[in-house]
Amino acid sequence: MPNTRTTTGFALLVRTDGQFRLLDWPNNDDQHLKILYAVCDCDHVDAVQITDHLTMWVDDEGMLNESALNQGATLLYALHRPLHQPYFGHALFTGGADAHGNTLGLAELEAASLVEMYLTAGTIPAQRAAR
């Protein structure tokens, strides 16, 4: 039976309010910018290459348009590289790029590892006890 899967992996959306969501990353490169603009809620994105296999996409004008600080995305960056600036607005984490410059999705294990880092790095507020 042929493989009809239309994704090449996953992407992790980290919102400024601490919510996150794992998304399918489509195989079709024509859809990538549309997805990036929609999930990052912006008109201009910037790729921040964290490693050869991990890219963070953020609003290129996030600081200028007074988007909220994204503590989770900033922390995930800092877990991989020395932090040189905070990041603002929603962020989407994908894999690196292929030989043609197309953005790859995260492999299942990479996505799971990134979610685990996010959850254990203290980005999720502690549950509040009932008063």
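Me: Which exposed residues sit on the face of helix 1 turned away from its buried side?
Reply: That face carries Lys34 and Ala38, both exposed. Please note that the model is predicted.

Me: And which residues of helix 1 are buried?
Reply: Helix 1 spans residues 32-40, and its buried residues are His32, Leu36, Val39 and Cys40. Viewed down the helix axis, these buried residues fall within an arc of 90°, so they line one face of helix 1.

Me: Why would residues three or four places apart point the same way?
Reply: An α-helix has 3.6 residues a turn, so positions with that spacing point the same way.

Me: What follows helix 1?
Reply: Aspartate 41 comes after helix 1, and its phi is positive, near 55°.

Me: Let us step back. What is the overall layout of the chain?
Reply: Along the sequence the pattern is β-β-α-β-β-α-β-α, with three helices and five strands. The chain has 131 residues, of which 38% count as buried. Taking contacts between residues at least 6 apart in sequence, 53% join residues at least 24 apart.

Me: How much accessible surface is there, and what share belongs to carbon and sulfur atoms?
Reply: The accessible surface of the chain is about 8300 Å², and carbon and sulfur atoms account for 50% of that area.

Me: What does leucine 114 touch?
Reply: Leaving aside residues up to four places away in sequence, leucine 114 touches Leu12, Leu54, Leu76, His80, Phe93 and Leu106.

Me: Changing topic: how many aromatic pairs does a search of the whole structure find?
Reply: The search finds two aromatic pairs. In one of them, the ring centres of phenylalanine 20 and tyrosine 118 are 5.3 Å apart and the planes stand at 65°, so the pair is edge-to-face. This pair links distant parts of the chain, with phenylalanine 20 in strand 2 (residues 20-26) and tyrosine 118 in helix 3, 98 residues apart.

Me: Is tyrosine 118 buried or exposed?
Reply: Tyrosine 118 is buried, at a relative accessible area of 1%, whereas phenylalanine 20 is partly exposed, at 32%.

Me: What about the pair formed by tyrosine 77 and tyrosine 87, what is its geometry?
Reply: The pair of tyrosine 77 and tyrosine 87 is tilted, at 5.4 Å centre to centre and 50° between the planes. Tyrosine 77 lies in helix 2 and tyrosine 87 in the loop between helix 2 and strand 5, 10 residues apart. Both tyrosine 77 and tyrosine 87 are buried.

Me: Where is histidine 90 found?
Reply: Histidine 90 is in the loop between helix 2 and strand 5. Its relative accessibility is 12%, under the 20% limit, so histidine 90 counts as buried.

Me: Which backbone atom does the side chain of histidine 90 reach?
Reply: The side chain of histidine 90 reaches the backbone nitrogen of threonine 16, at 3.2 Å. Not counting residues up to four places away in sequence, histidine 90 touches a set of residues including Val39, Cys40, Asp41, Trp57 and Asn70.

Note on methods: Residues numbered from 1 in each chain as written. Predicted model: local features only at pLDDT ≥ 70, side-chain atom pairs only at ≥ 80, totals over all residues. Heavy atoms only, no water. Contact = heavy atoms within 4.5 Å. Buried < 20%, exposed > 50% of the residue type's maximum accessible area, 1.4 Å probe, protein only. Helix = DSSP H or I, 4+ residues; strand = E, 2+ residues; numbered from the N terminus. Arc of directions from axis to C-beta. Areas by Shrake-Rupley, 256 points an atom, 1.4 Å probe, with all protein chains shown as cover. Phe/Tyr/Trp six-rings, centres within 6.5 Å; stacked < 30°, edge-to-face > 60°. Polar contact = N/O pair within 3.5 Å; in protein donor to acceptor, adjacent residues only side chain to side chain.
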